[in-house]
Amino acid sequence: MHRRVRLRLFSTAAVSRHRSPSGAISYEDNSNNGLRHQQQLDQHIARGQLGLAHKVFDAISAPDARAFNALIRAYSWRGPFHAAIDLYCSMLHRRVAPNKYTFPFVLKACSALADLRCGRAIHRHAAAAGLHTDLFVSTALIDLYIRCARFVAAANVFAKMPARDVVAWNALLAGYAQHGMYDHAIAHLLDMQADGHLRPNASTLVTLLPLLAQQGALSQGTSVHAYCIRAYLDQTEEQVLVGTALLDMYAKCKHLVYARRVFDGMPVRNEVTWSALIGGFVLCNRMVEAFSLFKDMLAHGGLCFLSPTSIASALRVCASLADLRMGTQLHSMLAKSGIHADLTAGNSLLSMYAKAGLIDEAEMLFDEMEVKDTVSYGALLSGYVQNGKADEAFLVFKKMQACNVEPDVATMVSLIPACSHLAALQHGRCSHGSVIVRGLATETSICNALIDMYAKCGRIDLSRQVFDKMLSQDIVSWNTMIAGYGIHGLGREATTLFLGMKNEGFAPDDVTFICLISACSHSGLVTEGKHWFRTMTHKSGIQPRMEHYICMVDLLARGGFLDEAYEFIQNMPLKADVRVWGALLGACRIHKNIDLGKRVSRMIQKLGPEGTGNFVLLSNIFSAAGRFDEAAEVRIIQKVKGFKKSPGCSWIEINGSLHAFVGGDQSHPHSSDIYEELDNILIDIKKLGYQADTSFVLQDLEEEEKEKALLYHSEKLAIAFGVLNLSEDKTIFVTKNLRVCGDCHSAIKYMTLVRHRDIIVRDANRFHHFKNGQCSCGDFW
DNA sequence: ATAGGGTTAG
């Protein structure tokens, strides 16, 4: 602030008036003394001792332009940049005229600080001194305006230059490149070549290549490669720089073969070269190779090649492969090499632990970090969301705001799914509002997260609104919207949207078909689903993955074609994994096919059951058939093998706060009211013909007690709480972490009649819209 | 010239 005020005190007129007539060196403080000081000043600056240099400077009674310039230049090199600007101000104050060796350096300091106001003032001073079209001054001005994203101003300076060298051309090109202005950059490059004698140099290429990489412009990149070969770069340093930029361009275009070839052909490589190649393999999801390259690098260059960048890539490999042993080793390597304090390295480590589910470890690391930024908070936040601790994620978000760390696109994209997990519409709407306030509401990835959130919070209509209002949809937008229709059992809408997508020229990808087929499955559209599977393999040329087979088995089996599903599994080219068999087992329960269920469960046991769902499923199948001994046996095996079933939990959002219940829960402050209401509901629904489906209760209890065990299931508690707290016109919306139980499903249908309510239950799989005694899932879920 | 947190599926 102080500095700006002082700058404005001096008009451009003052500058020109006191400009030294010749620019020649003249010492006002009587020769010898001044000469000695100047020599000392130069010496200290050469040794990088800026403190001492400044002391010598202060001892000069009347420093001249040369003394000022020397110190300004030194400060503009590595900072502190404001010291350079302060010196410039003092220069004006003491009526020493800045010259063509002053302006470029003080402008460089402004550029480093992105101080546009200061820079503009200096621009005026330079113009008054008639130096604004000087080659070096102009180039410095271009740098400044680019840094402040003032492209027109930069181009104006460029246009006014009487003569330009490659550096000037490169300065403007760098601006276009850094801001992803592909068309401007290419046009500028063509102008440069048309202008005559100037040829792109190494610096031009190193500026241009990252832009091509970012745009995925492989063919243009290849032309640049060809030019590089013709242009023959003789300096080693240039070869490494250009070679690395080329390699990176190929890697970012996912052309690893060429990236590798460039790498192999390079006579000299540095740590950046290695990092770029490793990053390329990570980008292409070739994690094992990426890690072996990392080891090669260490074998080749030792620890001095270890940088925060390469460590970051290696840690991403560990996170992706869920290899904690390797990750921990890297952690200690990091500590030994002394780069543990680096922000990037720290964030990578934090993220690795968070993704691996070691959230406590991540939290500890986070607390220990001395410098934290948006990314650090984002890593922790998404760690909580990914590990199912959505409420903790909100706390991190609050903490972040309390610490004045501004949430950005990635932060919000991580936070919004936390609302989806909780199915907390109010939270979701708040996040939506927050996104609008921050001016992020037009971001594609944010809209995608919002579409998903509204769908999972039961408002598919709002999902569609967000989708329709988007400036430009990407493949994820379409997939998310199709999936949203799917979990609401709106298979027809999903299909229509899919066709619309193709009409707009979007090529469906592998995930699109997963969304589409599962949408068909949830709506019982078996024929359509089979049709889309064939379309995918024959027309779209997409190789089915295990996920597609899971969807198909689910589609066939849920639709009642159990034998066909079984046959389908046996004919599939991949070896079916537990999830495929699990899908079939789930359908055996719905269709009460015990024989097949037993066979399938044997397959699953051979494969080693993953998770816990399948044990519970099998045991429920036995119970449903009244074969309690066998059901109990399955539970015992489950216990012996050490699998725990996560407890069923349901929750409901009332006026923006969440109320969660587990089965038989009495911890809620209004517990007695809730239980009383439930008992009343039971009396009413029995009058309409409801019978408790006690076949699902395992314990050896009297019939009435079994009924009670069912009555206090978590979803029923949450609904009763909703009945008590919401007016009749409001839909009751309950979320459950597991699949809704069969008895509850039947009871809730009756509840809609006796309490005149619409009830929506979102379980682990899908939505159930209960209305007028019926459910949207058609009793298949 | 390289790099850290992010949305879709069952």
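This briefing describes the confidence of the model and the contacts between protein chain A and DNA strand B. The structure is a predicted model, and chain A has an average pLDDT of 84. Around DNA strand B there are 43 residues of the protein.

**Confidence in the model**

- In chain A, 88% of the residues reach a pLDDT of at least 70.
- Residues 1-30 have a pLDDT below 50, yet this stretch makes 45 contacts in the model beyond near neighbours in sequence.
- Where pLDDT is low, predicted coordinates should not be read in detail.
- Among the elements of chain A, the lowest mean pLDDT, 38, belongs to helix H2 (residues 12-17).
- The highest mean pLDDT among these elements, 95, is that of helix H17 (residues 271-283).

**The surface near DNA strand B**

- The closest of the surrounding residues are Asn347, Asp408, Ser445, Ser518 and Glu547.
- Of the atoms of DNA strand B that come within 4 Å of the protein, 54% belong to sugar and phosphate.
- Helix H21 (residues 343-355) supplies the largest share of this surface, with 6 residues.
- Sorted by class, the surface comprises 18 polar, 14 nonpolar and 11 charged residues.

How values were computed:
Residues are numbered from 1 along each chain as its sequence is written. Chains are lettered from A and ligands numbered from 1 in the order in which they are written. This is a predicted model: local features need pLDDT of at least 70, side-chain atom pairs count only at pLDDT 80 or more; totals for chains, interfaces and linings use all residues. Side-chain values use heavy atoms; hydrogens and water are left out. pLDDT is the predictor's confidence in each residue, from 0 to 100. Helices (H or I, at least four residues) and strands (E, at least two) are DSSP runs, numbered from the N terminus. Contact means heavy atoms within 4.5 Å. A residue is near a molecule or strand if one of its heavy atoms lies within 4 Å of it. Ala, Val, Leu, Ile, Met, Phe, Trp, Tyr, Cys and Pro count as nonpolar, Asp, Glu, Lys and Arg as charged, and the others, Gly among them, as polar.
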